[in-house]
Amino acid sequence: MSQKKEEIILAFNAGVFDTIDEFNAEVLKTLAENTVLMNRDFLEESDAYRQAITYPVLCKVVHGELRVALYRRPTKNSTLPGRFSVGFGGHVEIIDTDLTEHQLIGNVRGVSEIIATATRRELEEETGLSIVSDYNTLHNTVALLSHNGDD
């Protein structure tokens, strides 16, 4: 079994996404109530859960124009090898919190903090950039995506 498959990651009960129209404080509460921490290997094969994956996009307004950072994905050991990407995403892992699953379920601040920590970690791993923020990072969330199809 690969090291990635042994990861314990954050996920949500899949059915919760059928009730979400837009991201707001109430949705975050609903997500927190439907939080699970599970083995990635199991989650890769399950339709009952949706894995939490952060996907920050770096952008800046320069002389009145919005500029978006992009990068070319590695050609080896990568999803979509050699393709360009505008985001720097990855799984929300147990290492991103010191809370137990029992402490996370229903805990809006805990779920917010683990996602914000994972976002910072992934951005630093992918770009070398460090950002300083607290759990309020999620107030900048613009969308939640749930895809039931294949890769």
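**Labels and their cut-offs**

Guide: E44 and R40 are separated by about one helical turn, because they sit four residues apart in helix α2 (residues 40–45). Helices are DSSP runs of H or I with at least four residues, strands are runs of E with at least two, and both are numbered from the N terminus. This is a predicted model: local features need pLDDT of at least 70, side-chain atom pairs count only at pLDDT 80 or more, and totals for chains, interfaces and linings use all residues. Residues are numbered from 1 along each chain as its sequence is written, and side-chain values use heavy atoms, with hydrogens and water left out.

Visitor: What makes the pair E44 and R40 a salt bridge?

Guide: The term requires a side-chain nitrogen of Lys or Arg within 4 Å of a carboxyl oxygen of Asp or Glu. The side chains of E44 and R40 meet at 3.1 Å, N to O. That makes the pair a salt bridge. A search of the whole structure finds eight salt bridges.

Visitor: What N to O distance do the side chains of R121 and D96 have in their salt bridge?

Guide: That distance is 2.6 Å. D96 is in the loop between β9 and α3, and R121 is in helix α4, so this pair ties together parts 25 residues apart in sequence. Salt bridges that share partners join E93, D96, R121, E122 and E125 into one network.

Visitor: Why are α1 and α4 called roughly perpendicular?

Guide: Two packed helices are described by the angle between their axes and the distance between the axes. Axes are lines fitted to C-alpha atoms, for helices over the stretch in contact, and angles run from 0 to 180 degrees between N-to-C directions. Under 35 degrees counts as roughly parallel, over 145 as roughly antiparallel, 65 to 115 as roughly perpendicular, and the rest as oblique. The axes of helix α1 (residues 25–33) and helix α4 (residues 108–127) cross at roughly 90° and come within 9 Å. Therefore α1 and α4 are roughly perpendicular. L28, K29 and A32 of α1 make the contact with V108, V111 and S112 of α4.

Visitor: With which residues is E33 in contact, neighbours within four places in sequence aside?

Guide: Contact means heavy atoms within 4.5 Å. E33 is in contact with I105 and G106, leaving aside its neighbours within four places in sequence. E33 lies in helix α1. Its relative accessible area is 43%, so E33 is partly exposed.

Visitor: Why does L66 count as exposed?

Guide: L66 has 56% relative accessibility, so L66 counts as exposed. L66 lies in strand β6 (residues 65–68).

Methods. Buried means under 20% relative accessible area, exposed over 50%, partly exposed in between (1.4 Å probe, protein chains only).
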